[in-house]
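User: Could we go through this model together? I would like to start with its provenance and then look at a few regions.

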Amino acid sequence: MSGGDERRSGWQTQSLKMKTLIIDIKNTIIATIVFGIICCGVYPLAVYAFGQLLFKHQANGSLIETPDGKVVGSELLGQPFSSDKYFIPRTSAAGTGYDASNSSGSNLGPTSKKLINGTTKSIAVADKDGKVAQAPDVVDYDGIKLRIIGYCDQNGIAYQLLQEDKVVDPKTFKTEKGDYDQVKLITAFNDDNKPLTVKPSVLIPGDAVTSSASGLDPHISVKNAMLQLPRVAKARSLGEDKVRELIAQNTDGRSLGIFGDPGVNVLKLNLALDKLTAK
């Protein structure tokens, strides 16, 4: 083959490669546009339309509204209640509590002394002259034992404080006003030589004294609700049978009928109570 033929052959080869490259680029651009339209336009719109058509309530956040259209919460998110006339939800470690933008748990395991006994911390404060002085300790983390005491006191459940298997007078850990000195309690809980323990008269369900992994769990166990029932019924001057009926009406069953345990939706239950007593 002559030099001229070789140059023509090389030029043809380069020309063919260039055409192939241009075709590949064109196909890539077309594919990007097509899949962009499908994945970023058609598919989201189809899912949105499907959700709005068949599952509008769930697709819009399972929001709960009052008769006048005011949104008071979501069936899927817990929120705080403290009054005796309401059922109390699980404690929350999400942000400062029930913060949907900062969902989180305590990340403390079941053998954690902090989780069980709680912790205290020392704080330093400055006086008016700018001198730093040590202030009394404060509660850093309350812990399960302290929560059991609070839960029992709130719901009228009897319990005993024990130290070395001997009953301790609760007044030992109370202030002059009759309130518990929580720092003193937590210090006694963490005493390795003779730790203070709490023995309630009934088994306290775990969800009553622990937070959920999300910090936003809208449910409590049926046992937890039943232990709170007498307090709520008394605070609202309602018969316990009527409150028990509302608990049943606002209890969600097991997922798919087999997974997990039935749970009472606290927000829906409290709204049902408000609706009933408003009549």
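Predicted model: local features only at pLDDT ≥ 70, side-chain atom pairs only at ≥ 80, totals over all residues.

User: Which residues of helix α5 are buried?

Analyst: In α5 (residues 182-189), Val 183, Leu 185, Ile 186, Ala 188 and Phe 189 are buried. Buried means under 20% relative accessible area, exposed over 50%, and partly exposed in between, with a 1.4 Å probe and protein chains only. Helices (H or I, at least four residues) and strands (E, at least two) are DSSP runs numbered from the N terminus.

User: What covers them?

Analyst: Among the elements covering the buried residues of α5 are α3 (113-117), α4 (143-155), β7 (159-163) and β9 (196-200).

User: And what is found at the start of α5?

Analyst: There, a side-chain oxygen of Asp 181 comes to within 3.2 Å of the backbone nitrogen of Val 183.

User: Changing topic: what is the strand order of the open sheet?

Analyst: The three strands are ordered β8-β7-β9, with antiparallel pairing; two strands pair if DSSP finds at least two bridges between them. Because β8 (166-168) and β9 each have a single partner strand, they stand at the edges, and one side of each has no neighbour in the sheet. The twist averages 45 degrees from one strand to the next.

User: How many bridges join β7 and β9?

Analyst: The antiparallel pairing of β7 and β9 runs over five bridges. Gln 160 stands opposite Lys 199 in β9.

User: Where is Ser 211, and is it buried or exposed?

Analyst: Ser 211 is in the loop between β9 and β10 (219-221). Ser 211 counts as buried because its relative accessibility is 16%. Its contacts (heavy atoms within 4.5 Å), not counting residues up to four places away in sequence, are Arg 90, Thr 91, Ser 92, Ala 93, Ser 106 and Arg 147.

User: What is the volume of the largest pocket, and which residues are closest to its centre?

Analyst: The volume is about 530 Å³. Of the 29 lining residues, Ile 88, Thr 91, Asp 142, Arg 147 and Ala 208 are the closest to the centre. A pocket is an open set of points on a 1 Å grid over the protein atoms alone where a 1.4 Å probe fits, with protein on both sides within 12 Å along at least five of seven lines; lining residues have an atom within 4 Å of a point.

User: Which element gives the largest share of that lining?

Analyst: Helix α4 does, with eight residues.

Notes: Residues numbered from 1 in each chain as written. Heavy atoms only, no water. Polar contact = N/O pair within 3.5 Å; in protein donor to acceptor, adjacent residues only side chain to side chain. Axes fitted to C-alpha atoms, helices over the stretch in contact; angles between N-to-C directions. Points joined across faces, edges and corners; volume = space filled by probe spheres on them.
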